[in-house]
Amino acid sequence: MKNKIFFFICIILFSACKHELEKPTWDVDLLVPLIHSQMSINDMLSDSSITINEDGFITLVFQQDFIDFEFDTLVNIQARTDEKTTTLDSVVFDDVTIADTATIGEVINEIPFGTTLFPDGTMRTIPAIPNIANEDTINIDASEYFETMTLYNGMLKMKLENGYPTDISNVSLSLINAVNQNLIATFIFPLIPSGTTVEDSVDISGQTLDENLLAILHNMDINASNGPVLIDYSDAIITTITIADIGLLEATAFFPEQQLDSNKTEFSFDMKSARLTEIKIKEGAVTINALSTLPDTGKIEYNIPSLTKNGVPFTSVSVIPPTINGEMTKIEFNFDGYLLDLTGQEGRLGGDTVNTIYTESFTFIDSTGELVTINQTDSFYSFTDFDFVAEYARGFLGQDTLVVGPDETNITIFNKILSGNLDLETAKLSFNIKNYLGADLQIKFDQLSTYNSNTNTTVSAGFNFLSQIFTIESATEMPGAIPIDPKSIDIELDAKSMLEILPNKLKSKMNIYVNPGGTGSAADFLYPAYTINASLNLEIPLSIIANNLTLVDTNEVEITQNEEVEIEKLYLSIKNGIPLDATINVMLYDEFDNLIDTLFNNANILSAKVDENNLVTQSTTSTLSASYNNNEKIRKVITVAKFNTVPGGSFVKIYSDYKMDITLSAKLRKTIGN
Amino acid sequence: MKKLIYPLLVFIFPVFSHASDTTLTNNSISWKSEISLESNSLNMDFANRMLFGGYINESQKNSWISKLDDNNTIFSEVSNTLSFHRNFGDNSFFFSIADRNLAKMSFTKDLMKVALFGNYNYQGDTLHFDKTNFTLDRFQQIKLGYGKIFKIQENSLTISTAVSYLNGNHHLSFTAENASFYTAPFGSSNYLNYDMNAFATDTANFKYFQNNGNGFAFDFAINFESKNKKYTLYLTDLGYINWKESALKYNTDTSFSFSGFEIENLLDFNDSILEAESDKYLEDIYIKARKGTVKSYIPANFGFKMETPLNDLYFSKYIVGFNLKWQPNQDNKLLSFEKVLQGFYESGYSPYFYLKAFTQTKYALLIPQIAIGGYSQKLSFGITTQFGNKVPIRIGTHHLESIFKRKESNSLSVYLQVGVKF
């Protein structure tokens with residue numbers, strides 16, 4: 001029993017002392033490498049390019065375009081030609097001829113017992129019959145031709161043809177407008193022998209004619225025949241009225257299709273001093289602009305024999321409708337790929353010319369068959385606009401001086417250098433100028449200098465260089481995608497002193513003389529897409545003496561403190577294989593450019609060891625340490641490094657195999673079990 | 001509360017025994033619960049902190065490190081056993097069911113240094129983690145045994161044997177045969193070299209009695225009795241468990257050097273480069289697991305003891321003996337002499353020599369013990385107290401010194417056995 005009680009008590013006590021199991025926590029200090037990088041000079045100067053010779057010696061190369069000259073203004077054509085106005089006085093109206101026939105049969109019928117006394121086909125003696133016509137009216141209908149017509153010029157011709165077998169005399173005839181009874185003209189013919197024709201004309205300038213005219217035969221006497229004559233009732237007196245030489249002030253009429261104007265002319269473009277014989281059009285258009293107040297449709301036939309495509313000259317026929325509210329009609333023709341001959345009309349007197357085209361322009365009224373009214377104010381106004389961009393031009397480009405600048409070219413190669421001295425053993429500044437023009441060029445620099453805006457220091461290229469004139473020959477044409485074999489020139493100068501001021505700008509002014517020697521033996525040519533290219537090259541062999549040369553580099557980063565791991569210290573191990581001492585400052589900034597922490601402050605990195613020839617023999621390891629205490633978000637890391645070449649005072653060559661081995665490691669504090 | 005437990009353990013709960021003393025009863029049923037925690041270096045302070053939490057400060061770490069040997073072992077067992085023993089004439093029959101939870105960890109001092117302090121203090125040093133092992137097993141053992149007594153003149157020879165079926169629930173093990181870690185000065189590089197094997201049973205649906213493996217164990221003992229002296233040679237729990245194909249196996253023999261994420265141009269650095277590089281490294285070091293069967297060994301005991309009566313005023317008899325354990329970390333060799341040596345070495349158990357005496361007091365049977373070796377590899381004192389005869393209750397500890405050393409003690413053990421004789 002006691003045993004059981006003891007046992008029971010023990011079990012209870014055991015259970016009563018049961019603890020909850022929990023995880024322990026403790027801190028550990030870890031030392032881990034974070035990042036490793038092996039960098040050469042090439043990596044450090046990643047904004048620039050370098051060349052490496054067979055010995056591995058590095059030359060820093062900076063290249064950028066220097067000038068980009070445009071010549072298309074020289075050969076682009078924007079001109080207006082063939083401007084003319086055609087008015088009503090140019091309109092031609094055909095003669096209007098109206099005829100009337102009065103047979104002897106009709107007269108005999110008028111005489112009492114006339115048909116008995118003078119039967120048809122018989123021989124009779126006709127007696128004198130005075131006043132056979134007395135104020136007889138004959139209707140003349142001209143509505144086939146016009147409705148009304150006011151003339152500034154015109155002749156009314158009256159022709160009487162006596163077909164009677166006997167003479168007629170004392171013929172008096174008047175012509176009046178049927179509507180307003182205005183007298184137009186009067187004709188008197190004293191005698192018209194049988195079988196003859198008489199004519200008379202009257203100037204009717206200033207007269208207005210209606211479509212319905214009346215011819216009043218005031219009097220006509222039939223003279224006695226000379227013995228018996230054949231009575232043929234079909235014998236007649238034919239009266240023909242002709243309105244000729246019509247010059248209209250205003251008319252409502254049926255106007256025939258007719259040419260209003262014709263213009264064949266040469267036009268010369270203003271090419272300044274250039275004398276061009278041919279232009280290949282890259283893109284362009286000719287726009288015919290016309291304004292017609294004529295009530296009927298007009299037509300322009302426009303030809304440019306100077307403009308051909310595949311040997312076919314340009315011709316066009318364009319309908320010009322009557323204007324609405326004074327708006328011009330524009331008709332545009334695309335001339336991409338056309339060839340423009342600038343030598344003028346073919347076979348012209350005096351031989352070929354330059355800068356000149358030949359055009360033909362014809363203006364027409366299109367007859368619609370409708371009755372239209374035209375007056376003296378109506379006109380047909382037109383002109384032609386040329387707008388071409390040339391693919392190339394040939395001829396003589398003229399003698400011209402192109403001024404380039406004054407310009408400032410930014411030099412970014414030293415952008416990261418804040419201060420300090422840099423001695424260069426050598427440095428070369430060169431311009432490579434490519435001439436794509438088919439013309440000789442001469443180049444002279446009026447100004448060439450480098451400028452450091454931070455120190456306000458300027459160094460000029462010098463009088464010797466600035467007084468030189470450089471000649472580039474004309475390019476030549478050749479088949480191919482780029483149909484030009486350019487000629488180029490390299491202009492070099494020793495830029496050691498110009499670059500030692502660590503410039504950020506290059507100031508220049510350059511004159512380019514086109515065809516300095518006048519015309520050459522071969523024709524010039526110009527392709528606007530390929531003119532003159534120039535590039536600026538800086539070559540700096542990395543044989544240098546750096547004395548407190550201070551560089552700054554800014555890295556945009558995004559580093560946030562990890563909540564699980566606390567960084568206590570950073571170590572930067574640098575195995576330096578480059579013969580440069582360095583003192584570095586590394587600052588950390590937040591997104592608002594506030595300084596969070598200075599990681600390394602004037603920390604020294606030892607140079608690699610060099611031999612008597614200043615060649616690196618051994619790398620040197622430096623380890624920098626920095627405490628790291630921040631919870632901020634780091635957005636920017638700025639490194640300021642001051643370099644000195646080792647040994648000081650001697651030029652040190654930098655080779656491509658010189659490297660810097662960098663390891664960043666950190667002491668981390670982590671809590672285990674948390 | 002802990003201070004109360006120790007005296008209770010000493011005075012109320014006696015006796016932890018490596019081998020059940022079946023001579024206590026002819027027919028008997030007994031229940032035995034035992035908890036033991038032993039280490040040759042780490043103390044109870046470490047165990048308390050690991051189990052019950054709290055912040056581990058620098059002085060604590062230094063204290064623990066100072067106690068470590070070059071090779072260290074921690075062993076723990078929690079088991080409960082129900083057994084039945086029946087004697088009939090010269091024959092005896094034995095049956096038991098046990099639920100056993102074993103944990104063993106072997107590690108070097110360098111590993112604990114890195115785990116507690118990190119690698120910052122060991123720049124320029126190579127830390128060695130050879131023979132690191134961690135094993136967790138949980139299984140049920142159903143044992144069936146038989147013994148027979150042979151009379152040889154005036155002496156008797158008892159041969160007994162038993163076989164066990166092992167129902168494996170869960171197994172987790174990690175072994176690094178050779179491993180080292182080097183940190184360059186200022187952390188410019190880290191170099192890790194390791195040859196590792198790890199196994200884990202399926203933990204997707206964790207159940208305490210999940211069958212994830214099957215195994216067998218074997219017992220054998222020879223007991224020779226002559227002139228009141230008993231000599232016993234025994235081998236117990238020589239066995240293994242085959243874990244099922246759902247177990248995950250990880251094997252790798254590699255070295256890994258890390259000098260930081262490689263950046264082409266440091267002047268173009270940003271966080272996204274780190275992320276991209278870390279993904280690549282994680283791919284490189286990712287250890288691919290495969291499924292397969294795994295065999296693990298349970299700790300076998302091999303030993304000898306001699307029991308001698310005493311005509312002493314205080315003690316009636318004494319037992320002296322030694323015990324060895326055999327438990328290789330992995331099944332990487334065929335059975336051979338080398339395998340045998342491997343098992344003894346990798347068990348982490350030093351030969352255990354003990355002497356215990358029996359003294360009957362008015363109220364209880366006291367069995368004090370002095371021993372050296374085992375997992376603690378140190379001198380230890382034990383006491384067992386038995387109350388009752390027909391229904392004996394034994395409670396005891398193998399490490400009485402832990403009461404006085406308290407947190408400084410390397411070991412803790414407690415045993416309770418309740419039996420019924422009939």
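Modeller: What follows takes the terms one by one.
Modeller: This is a predicted model, in which local features need pLDDT of at least 70, side-chain atom pairs count only at pLDDT 80 or more, and totals for chains, interfaces and linings use all residues. Residues are numbered from 1 along each chain as its sequence is written, chains are lettered from A and ligands numbered from 1 in the order in which they are written, and side-chain values use heavy atoms, without hydrogens and water.

Biologist: How do you know which strands pair with β8(B)?
Modeller: Pairing requires at least two bridges found by DSSP. Strand β7(B), residues 155–183, has 11 antiparallel bridges with β8(B), and Phe181(B) faces Leu192(B) there. β11(B), residues 248–258, also pairs with β8(B) in the antiparallel sense, over 11 bridges, with Tyr191(B) opposite Ser257(B). β7(B) and β8(B) therefore count as paired, and so do β8(B) and β11(B).

Biologist: What lies between β7(B) and β8(B) in their hairpin?
Modeller: There are 6 residues between them, and Phe186(B) in the turn has a positive phi of about 60°.

Biologist: Why are the buried residues of helix α3 of chain B said to be on the same side?
Modeller: The buried residues in α3(B), residues 58–67, are Gln60(B), Lys61(B), Trp64(B) and Ile65(B). They cover an arc of only 130° around the axis, which puts them on the same side of α3(B). That arc is taken from the directions from the helix axis to the C-beta atoms. An α-helix has 3.6 residues a turn, so residues three or four places apart point the same way.

Biologist: What covers the buried residues of α3(B)?
Modeller: The cover includes β1 (22–40) of chain A, together with α2 (44–52), β2 (53–56) and α4 (109–117) of chain B.

Biologist: Which face of strand β23 of chain A is covered?
Modeller: In β23(A), residues 371–375, Val372(A) and Ile374(A) form the covered face, while Leu371(A), Thr373(A) and Asn375(A) form the uncovered one. In a regular strand the side chains alternate between the two faces of the sheet.

Definitions and conventions: Helix = DSSP H or I, 4+ residues; strand = E, 2+ residues; numbered from the N terminus. Buried < 20%, exposed > 50% of the residue type's maximum accessible area, 1.4 Å probe, protein only. Contact = heavy atoms within 4.5 Å.
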